[in-house]
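Hello,

Here is the structure I promised to pass on to you. Have a look at it first, and then read on for what turned up in it.

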Amino acid sequence: MLVFLLRRRCFSTTTTTPAFSNLYTKYSFTPPKSLDDQKPKTPNIRSQHSDRKKKPLYRPPSSLDRSGQNPIKSDLPFDFRFSYTESSPAVRPIGLREPKYSPFGPERVDRAWTGVCAPAVDPMAGKEEAEKLEAKRNKIRNMVQGQDLTNAERLALVQSCGKHKTKRQINLGRDGLTHNMLNDIHNNWKQAEAVRIKCMGVPTVDMKNVCTQLEDKAFGKIIHRHGGSLILYRGRNYNPKKRPVIPLMLWKPQEPVYPKLIKTTIEGLSIEETKEMRKKGLAVPALTKLAKNGYYGGLVPMIRDAFLVEELVRIDCRGLERKDYKKLGAKLRDLVPCILVTFEKEQIVIWRGKDYKPKEDGCFLVDRESFDQSGTNPGHESQPFQIELNSDDEK
């Protein structure tokens with residue numbers, strides 16, 4: 001029995017050990033060269049090139065990296081703002097929502113960012129510097145525009161910019177005329193003499209302001225307007241190779257903090273009278289319902305007409321964002337003029353006030369402007385816009 005166990009143990013040890021373990025020690029066996037590995041031994045390449053300099057790691061290009069570059073210098077004679085139509089230098093904010101980080105990037109522009117704009121001159125310089133900038137803008141615009149267009153030339157440009165002729169179009173939305181949009185306008189002027197601009201949303205309440213800012217900041221001329229559709233002409237003496245330097249904003253800056261539009265009590269009324277007016281205003285039938293990204297050019301004359309009969313007017317803004325109808329209310333307060341009552345339940349309720357006097361400039365829907373110069377010579381300066389006060393133009 002003992003012999004059987006010893007044999008079994010020896011068998012198990014010999015089977016578990018590898019076959020090649022005892023060959024060399026017992027038999028001095030060396031494999032022949034034919035069985036040796038035929039693969040040539042490659043030298044260590046890394047050891048040979050160890051003296052070379054290591055390749056630097058790849059860094060993706062960044063617009064914020066301005067190492068070794070000078071800041072962009074722009075000679076445009078106006079303050080850089082995010083939006084030229086939705087912000088006014090006359091209205092001063094009461095605070096900022098973020099530090100004064102320049103949206104152009106660090107050290108990319110030779111102008112300091114104040115949190116609201118990048119001024120062209122020192123803000124403490126006074127009115128004289130502002131008047132010089134305005135005179136410089138008018139001079140540049142007159143040089144670029146040159147001789148006025150004849151009616152035949154204007155009609156040819158209007159037809160070439162029609163929807164059936166070209167798809168080139170710049171959309172002007174809730175932010176209005178933004179700073180980067182000026183660059184888009186000049187890019188379109190490389191290919192064509194005029195560009196079509198479609199205005200939508202809140203800025204269309206004051207189309208006069210939109211047209212003024214477009215001509216003032218882009219140095220162009222509006223040769224056609226129908227509703228929210230504009231055609232902006234670049235000018236006879238425009239040279240694309242000498243276009244102004246427009247530094248681009250890399251992100252949208254935070255809007256500053258402005259005073260509240262709706263106060264606790266309306267001026268001239270008590271707290272109870274204010275609460276009663278707000279309840280009454282929400283129960284008044286809606287004058288109109290605003291569509292999202294629609295054209296609101298006829299809203300101001302419509303409200304002026306309603307104030308001849310009604311004391312309170314309600315505008316249904318369901319579907320619009322809250323910041324949109326708040327901007328709308330701020331514009332109506334200055335354009336109508338009127339007193340804001342409430343923004344509750346996605347409604348704009350406005351009051352005409354105690355001593356309301358209707359304006360003399362009409363209660364008609366201004367939808368189209370005529371730019372014909374039948375009574376003027378081509379060499380003379382263009383006459384002011386003649387507004388056609390026909391309500392049938394909107395159909």
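A term to start with: a nonpolar core is a set of buried Ala, Val, Leu, Ile, Met, Phe, Trp, Tyr and Cys residues joined through side-chain atoms within 4.5 Å. Please also keep in mind that this is a predicted model.

With that term in hand, which residues have the most contacts inside the largest nonpolar core? They are I185, I197, L214, L230 and L232, in a core of 31 residues. Two or more residues each come from strand 3 (170-172), helix 6 (179-191), strand 4 (194-199), helix 7 (207-218) and strand 6. Helix 7 gives the largest share, five residues. There is also a second, separate core, which has 23 residues, including V205, Y296, L340 and I350.

Leaving aside neighbours within four places in sequence, L230 is in contact with V195, R196, I197, C199, M207, V210, C211, L214, I222, H224 and R225.

Is F104 buried or exposed? F104 counts as buried because its relative accessibility is 1%, and the cut-off for buried is under 20%. Beyond four places in sequence, its contacts are F80, V109, W113, A118, H179, P247, L248, M249 and L250. For a sense of distance, F104 and I72 lie 32 residues apart in sequence, and their C-alpha atoms are 10.0 Å apart in space.

One of those contacts of F104 is L250, which sits in the loop between strand 6 (229-233) and helix 8 (271-283). With a relative accessible area of 34%, L250 is partly exposed. Together with Y101 and W251, L250 forms a nonpolar patch on the surface, with about 310 Å² of accessible area in total.

Finally, how confident is the predictor? The protein averages a pLDDT of 82, and 76% of the residues score at least 70. Among the elements, strand 4 has the highest mean pLDDT (96), while strand 12 (residues 386-388) has the lowest (34). Where pLDDT is low, the predicted coordinates should not be read in detail.

Enjoy exploring, and write back with any questions!

Best wishes

Note on methods: Residues numbered from 1 in each chain as written. Predicted model: local features only at pLDDT ≥ 70, side-chain atom pairs only at ≥ 80, totals over all residues. Heavy atoms only, no water. Buried < 20%, exposed > 50% of the residue type's maximum accessible area, 1.4 Å probe, protein only. Contact = heavy atoms within 4.5 Å. Patch = residues over 30% accessible without salt bridge, like charges linked within 9 Å, V, L, I, M, F, W, Y side chains within 5 Å. Areas by Shrake-Rupley, 256 points an atom, 1.4 Å probe, with all protein chains shown as cover. Salt bridge = Lys/Arg side-chain N within 4 Å of Asp/Glu carboxyl O. Helix = DSSP H or I, 4+ residues; strand = E, 2+ residues; numbered from the N terminus. pLDDT = per-residue confidence, 0-100.
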